[in-house]
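Student: I would like to learn how to read a few features of a protein model, one at a time. Could we go through them together with the structure in view?

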2 protein chains.
Amino acid sequence: MQNEMRPPVIGVIGGMGPYAGLDFVQKIFGSTKAKKDQDHLNCVLVSLPGSVSDRTAFLLRNEGENPAAGMFESARRLHLAGASYAAVACNTAHAKRIFEPFCEAVKKELSGLVIVNMLESCAEFIKKERGGLSRIGLLATVGTHQSGVYGEYFRKEDGFTLLEPDAAGKENIHEAIYNEGFGIKSFSQPVTERARALVSGEINRLAEKGAQAVILGCTELPLAIPPGATSSIQLIDPGLIAARKLVSLAAPERLAE
Amino acid sequence: MQNEMRPPVIGVIGGMGPYAGLDFVQKIFGSTKAKKDQDHLNCVLVSLPGSVSDRTAFLLRNEGENPAAGMFESARRLHLAGASYAAVACNTAHAKRIFEPFCEAVKKELSGLVIVNMLESCAEFIKKERGGLSRIGLLATVGTHQSGVYGEYFRKEDGFTLLEPDAAGKENIHEAIYNEGFGIKSFSQPVTERARALVSGEINRLAEKGAQAVILGCTELPLAIPPGATSSIQLIDPGLIAARKLVSLAAPERLAE
């Protein structure tokens, strides 16, 4: 059977966790001007959760193989399926110890696949579109905090001051994500009230510390903020920013307002 | 970079529409026993909405090429990405004029890829798991109704009586799905109250006609029923049944209760 060539395919490396990957794809669809099915862009999601070691365990305790291996395996399958532009739907995976070997392998072995760096896109977005903001709060996993990955992109010399929760606050966010009894990775449909309350509490505490905006720096966290929810402070979702960048690379005329 | 072989990959042919494809993947995740990321199954979603002609327009007005071509192109990419079992996340696409040439091409050209037939799985499920039910209401697109696709699977000689809405009711459901001002294909995050009310109204009317259960026979319709919503009548979601079948084929021990 024949089928003519179509516009570029956007790829999503998911599985970290699986629902965060889906949420990322949903952000691509939501960032596309479309009134009927055929207006949407081509998209492939590869979710190989069992192949990608836990990012936090690797960064903090050197447990498991480098998650870069499973991310590359996902990228390889996206490449086979025809993807031209792809992003990794996981903040912690952007730590240099993981993301650099991943990008090097993609560059070397998967010709034509462009990886969009979610954190780099996020820092660029804040600089260009939200120029007045410099005191940025960060909510993330303990692995993301301790790896200092956000500090690599939100640098003091570029005018950013990153505010993080105190130790108890980081633990609260970590539990909201990972706790097997109520965390978002175990209960995302719907997110439990307990996880939601922990996330809201830490957003408010960062605002009290003087943050002008708060980055939801783990792809699970936006799942705890219902769409359209109001907050006392601007919330920044790196996943949404990366999704919009992918749409603008694949089909700039289709980027929703 | 090396990565050892992992369990089978489940494939989803999405894009019909894009959100229905995502919803289908979510049903696969939701049907899997998992307490952490790595417990979830491998899954690939291919969404090529611009390549798959509108199923209803093709069936009713012979508009566009046979959607089987775009479905096959999606299956080809799933096959390249390593999928072993796949389903098509669209009811109307299961009409014989579309689904048969699609399956023939897959069988001929994509060795090792097993297609799970969502409607066949649904009829089997009702017969085996809900043996007492015979008067089954059907909500679907006009294309699904007129193509008679459900009648091909829910046959009188197998003890089924299919109840459909009257002409006005079918039009209501069609509008709830397709209307560009309030329909689910245009507004699914969230579904509009108007679309939701039209769907609920027709469910109630089928119950009044004597239906013992109602099949939500278009992948957009479950989006209008919030998870856990109560209904006066048993609602059957063929997508959920097919998702559970895919999980049970790929990893029977992981099928959630």
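Student: Which residues is A:T144 in contact with, leaving aside its neighbours within four places in sequence?
Tutor: Contact means heavy atoms within 4.5 Å, and by that rule A:T144 is in contact with A:N91, A:T92, A:V149, A:Y150 and A:G217, once its neighbours within four places in sequence are set aside. A:T144 itself is found in helix α6 (residues 142–147) of chain A, where helices (H or I, at least four residues) and strands (E, at least two) are DSSP runs, numbered from the N terminus.
Tutor: Before we go on, please keep in mind that this is a predicted model, in which local features need pLDDT of at least 70 and side-chain atom pairs count only at pLDDT 80 or more, while totals for chains, interfaces and linings use all residues. Residues are numbered from 1 along each chain as its sequence is written, chains are lettered from A and ligands numbered from 1 in the order in which they are written, and side-chain values use heavy atoms, with hydrogens and water left out.

Student: Is A:T144 buried or exposed?
Tutor: Buried means under 20% relative accessible area, exposed over 50%, and partly exposed in between (1.4 Å probe, protein chains only). A:T144 has a relative accessible area of 1%, so it is buried. In chain B, B:V199 of helix α9 (residues 193–208) is buried too, with a relative accessible area of 0%, and, apart from neighbours within four places in sequence, B:V199 is in contact with B:L139, B:I173, B:A176, B:L221, B:A224 and B:I225.

Student: How do I read the way in which helix α1 of chain B and helix α10 of chain B cross?
Tutor: Axes are lines fitted to C-alpha atoms, for helices over the stretch in contact, and angles run from 0 to 180 degrees between N-to-C directions. Here the axes of α1(B) (residues 18–30) and α10(B) (residues 238–250) come within 8 Å and cross at roughly 50°. Therefore α1(B) is oblique to α10(B), given that angles under 35 degrees count as roughly parallel, over 145 as roughly antiparallel, 65 to 115 as roughly perpendicular and the rest as oblique. On the side of α1(B) the contact is made by B:F24, B:K27 and B:I28, and on the side of α10(B) by B:G239, B:L240, B:A242, B:A243, B:L246 and B:V247.

Student: What should I look for in the backbone of chain A?
Tutor: Most residues other than glycine have a negative phi, and most peptide bonds are trans. In chain A, the peptide bond from A:M16 to A:G17 is cis, with omega near -10°, and A:G17 lies in the loop between β1 (9–14) and α1 (18–30). A:N62 has a positive phi of about 55° although it is not a glycine; A:N62 is found in the loop between α2 (55–61) and α3 (68–80) of chain A and, at 54% relative accessibility, counts as exposed.
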